[in-house]
Amino acid sequence: MSVVNLINLASTTHSYTGVDGGAGALSIDSNWNTYQGTAGSRGGEGSIDIELISEHTFDQSRLITQVSFRIYYQNYAYSSEENNGSGYYYVQYWDGASWVLFSGGSGSWSYGTNHNNSGDTGQVDLTVSITTTKIRVYALNH
């Protein structure tokens, strides 16, 4: 039996949080070189929280046997007054009552003051066996 990309089915609906100008759809275009992203800035002390969610709802319960994703992040603290920061990502499925983490579907990063860093998970393929109606990627940088 061949693998079907459920994200690209016409019956799958999508919602995106934390993006401008339709960039959310870049998270599902089957092109590993495009992405859903956003930026924020804050001068002086404190931090800024940036949250991205790419959520996908199926028309019925679906058996998921593989989840593929790539997370790219970049942080730039531009002042000696900026706090150290960190970020997290979670790849999750809906169990009917709450979001549950796929095994192997999380990671984190950190950065300090006056620091520019970036990272890339590369393509990650998880082998799973879960029946669900929704999946999402949730990322938070602060």
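How many aromatic pairs does a search of the whole structure find? The search finds four. In one of them, the ring centres of W94 and W99 lie 5.2 Å apart with the planes at 65°, so this pair is edge-to-face. The cut-off for that label is an angle over 60 degrees. The model is a predicted one.

K134 lies over the face of W94, at 4.4 Å from the ring centre. W94 counts as partly exposed because its relative accessibility is 21%, and the buried class takes in residues under 20%.

The overall layout comes next. The protein chain has zero helices and seven strands, and from the N terminus on its elements run β-β-β-β-β-β-β. Of the contacts in the protein chain with a separation of 6 or more, 74% are between residues 24 or more positions apart. Buried residues account for 35% of the 142 residues. The accessible surface of the protein chain is about 8,300 Å², and carbon and sulfur atoms hold 46% of that area.

In soluble globular proteins, nonpolar side chains tend to be buried together. In this model the largest nonpolar core has 21 residues, and V67, F69, F102, L126 and V128 are those with the most contacts inside it. The elements that supply two or more residues to this core are β2 (50-69), β4, β5 (99-111) and β7 (124-141). β7 gives the most, with six residues.

Not counting residues up to four places away in sequence, F102 touches V67, V91, Q92, Y93, L126, V128, I130 and I135. Among these partners, V67, L126 and V128 are also listed with F102 as having the most contacts inside the core.

Q92 lies in strand β4, which spans residues 85-94. The side chain of Q92 makes a polar contact with the side chain of R136, at 2.6 Å. Leaving aside neighbours within four places in sequence, Q92 is in contact with W99, V100, L101, F102, K134, I135, R136 and Y138. This list includes W99, the ring partner of W94, and K134, the residue over the face of W94.

G104 gives a contrast in accessibility. G104 lies in strand β5 and counts as exposed because its relative accessibility is 54%. Beyond its neighbours within four places in sequence, G104 is in contact with F69 and L126. The C-alpha atoms of G104 and L126 are 7.0 Å apart in space, while the two residues are 22 residues apart in sequence.

W32 is found in the loop between β1 (13-17) and β2. Not counting residues up to four places away in sequence, W32 touches S68, F69, R70 and Q123. At 37% relative accessibility, W32 counts as partly exposed. The C-alpha atoms of W32 and I71 are separated by 9.7 Å, and these residues are 39 residues apart along the chain.

Definitions and conventions
Residues numbered from 1 in each chain as written. Predicted model: local features only at pLDDT ≥ 70, side-chain atom pairs only at ≥ 80, totals over all residues. Heavy atoms only, no water. Helix = DSSP H or I, 4+ residues; strand = E, 2+ residues; numbered from the N terminus. Polar contact = N/O pair within 3.5 Å; in protein donor to acceptor, adjacent residues only side chain to side chain. Contact = heavy atoms within 4.5 Å. Phe/Tyr/Trp six-rings, centres within 6.5 Å; stacked < 30°, edge-to-face > 60°. Buried < 20%, exposed > 50% of the residue type's maximum accessible area, 1.4 Å probe, protein only. Lys NZ or Arg CZ within 6 Å of the ring centre and 35° of its normal. Areas by Shrake-Rupley, 256 points an atom, 1.4 Å probe, with all protein chains shown as cover. Core = buried A, V, L, I, M, F, W, Y, C linked by side-chain atoms within 4.5 Å.
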